[in-house]
Amino acid sequence: MNETKPRIGITMGDPAGVGPEIVVGAWARPEVQRGCRPVALGRPEILRRAVELCGTGAEVVPVESPEQAEPGADVIPCLVCGPEDAADVEPGTIDARAGQAAYDAVIAAARLALDGRLDAITTAPLHKEALNKAGHHYPGHTELLAETCGVDDFAMMLYLGPSDQLRSPNGLAVVHATLHTALEAAIVGLSEAEILVKARLADRFMTRLAGSRPRIGVCALNPHGGEGGLFGYQEQRIIRPAVEQGQEEGLDLAGPLPADTVMVHARDGKFDAVVAMYHDQGHIALKLLGMHRAVNVTLGLPIVRTSVAHGTAFDIAWQGRAEVGSLLEALRVAARLAGGSGE
């Protein structure tokens, strides 16, 4: 029975942040063991320290391959990767050793997934400045994984599963036309082509997850949807042509819609997915609906990758206060996308 569950690699994230403790905290939950065969990637000594902090009593067992892993609620197989001195990093500090440890775990997990030895990967948060200090100049997981997997059309999506707050039976996905860049650069770089790419990826994801084509709302960029050009030209020259092209392709798109109301309509069941024009336009609204249940999914990869929808939380790291809800949801969605039940 265990062999039918997807094998999911869980990266430790930045060891100075909450990653190790949320991995350990989630591991003990029965739904994780029911839904997948997890294997951790990182430094065993750091995970052992997290076990002591969380008081779970689990045994961390170093392994050399995913195939050696025999996980259980009390056993955490850990594929050893990252520099040994990452264990010396102080909690809540930006350190190149921590950035390197997070990078090594992500690369190892991605390569194993590309080789078919992991069915999915779920990542704990890394710190972008620590990653850059280690010499890896990526804005975050999304761009790093896209390069590792050799893809050009990709997107970061936040997803909330069905709940009492969401009237859509399929949950709600938000994908971003521009992502980890300055707001000024996002506005200048907005293009019809990128909006279309993101809409197609959202359509593909929700169709795969729900089994039916999604209704997708496309956000305007400017206040009040631009007011016919009074507040900006992007709606008329960029966003509306992208929506019309998508409609011609068979996508169920509506927009451009004023961003201050589109998420209300989505919450109430009018849309299954939303295309936001920039990072915070989508993130803020979705996290208000479900901060600790939100899941980060990278679209367009040849592998399944999900993540928590929060950062390293240096301010509370290694204090036993970190929430595990987002990681639990990320594992559930990864298992479902990889062909398991995701119970």
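A residue is termed buried when its relative accessible area is under 20%, exposed when that area is over 50%, and partly exposed in between. The structure described here in these terms is a predicted model. Arg 29, with a relative accessibility of 34%, is therefore classed as partly exposed. The side chain of Arg 29 forms a salt bridge with that of Glu 31, with an N to O distance of 3.3 Å. Glu 31 likewise falls between the two limits, since its relative accessibility is 23%, and it is partly exposed.

This pair belongs to a wider set of charged contacts. Side chains of opposite charge can pair when their charged atoms come close. In the model, 10 salt bridges are counted. Among them is the bridge between Arg 117 and Glu 67, in which the closest N and O atoms are 3.0 Å apart. Arg 117 is placed in the loop between α4 and β5 (120-123), whereas Glu 67 is placed in the loop between β3 (59-63) and β4; the pair therefore ties together parts that are 50 residues apart in sequence. Arg 117 is partly exposed, its relative accessible area being 32%. Glu 67 is also partly exposed, with a value of 42%.

A further salt bridge joins the side chains of Arg 213 and Asp 203, with an N to O distance of 2.8 Å. Because Arg 213 lies in the loop between α8 (192-210) and β8 (215-219) while Asp 203 lies in helix α8, this pair links parts that are 10 residues apart in sequence. The two partners are assigned to separate accessibility classes. Arg 213 has a relative accessible area of 47% and is partly exposed, whereas Asp 203, at 8%, is buried.

Charged side chains also occur in a surface patch. Glu 84, Asp 85, Asp 88 and Glu 90 gather on the surface in a patch of negative charge. One of the members, Asp 85, has a relative accessibility of 33% and is accordingly partly exposed. Asp 85 is located in the loop between β4 (75-80) and α4 (96-114).

The side chain of Ser 307 makes a polar contact of 3.4 Å with the side chain of Arg 305. With a relative accessible area of 3%, Ser 307 is buried.

Several features of the backbone were also noted. The peptide bond that leads from Gly 255 to Pro 256 is cis, with omega near 0°. Pro 256 is part of strand β9, which comprises residues 252-257. A positive phi of about 60° is found at His 224, although this residue is not a glycine. His 224 is situated in the loop between β8 and α9 (234-248). Ala 313, which is not a glycine either, has a positive phi of about 50°. The position of Ala 313 is in the loop between β12 and α12 (325-337). Ala 313 is partly exposed, as its relative accessibility is 26%.

Methods
Residues numbered from 1 in each chain as written. Predicted model: local features only at pLDDT ≥ 70, side-chain atom pairs only at ≥ 80, totals over all residues. Heavy atoms only, no water. Patch = residues over 30% accessible without salt bridge, like charges linked within 9 Å, V, L, I, M, F, W, Y side chains within 5 Å. Areas by Shrake-Rupley, 256 points an atom, 1.4 Å probe, with all protein chains shown as cover. Salt bridge = Lys/Arg side-chain N within 4 Å of Asp/Glu carboxyl O. Lys, Arg positive; Asp, Glu negative; His and termini not counted. Charge placed at Lys NZ, Arg CZ, Asp CG, Glu CD. Helix = DSSP H or I, 4+ residues; strand = E, 2+ residues; numbered from the N terminus. Buried < 20%, exposed > 50% of the residue type's maximum accessible area, 1.4 Å probe, protein only. Polar contact = N/O pair within 3.5 Å; in protein donor to acceptor, adjacent residues only side chain to side chain.
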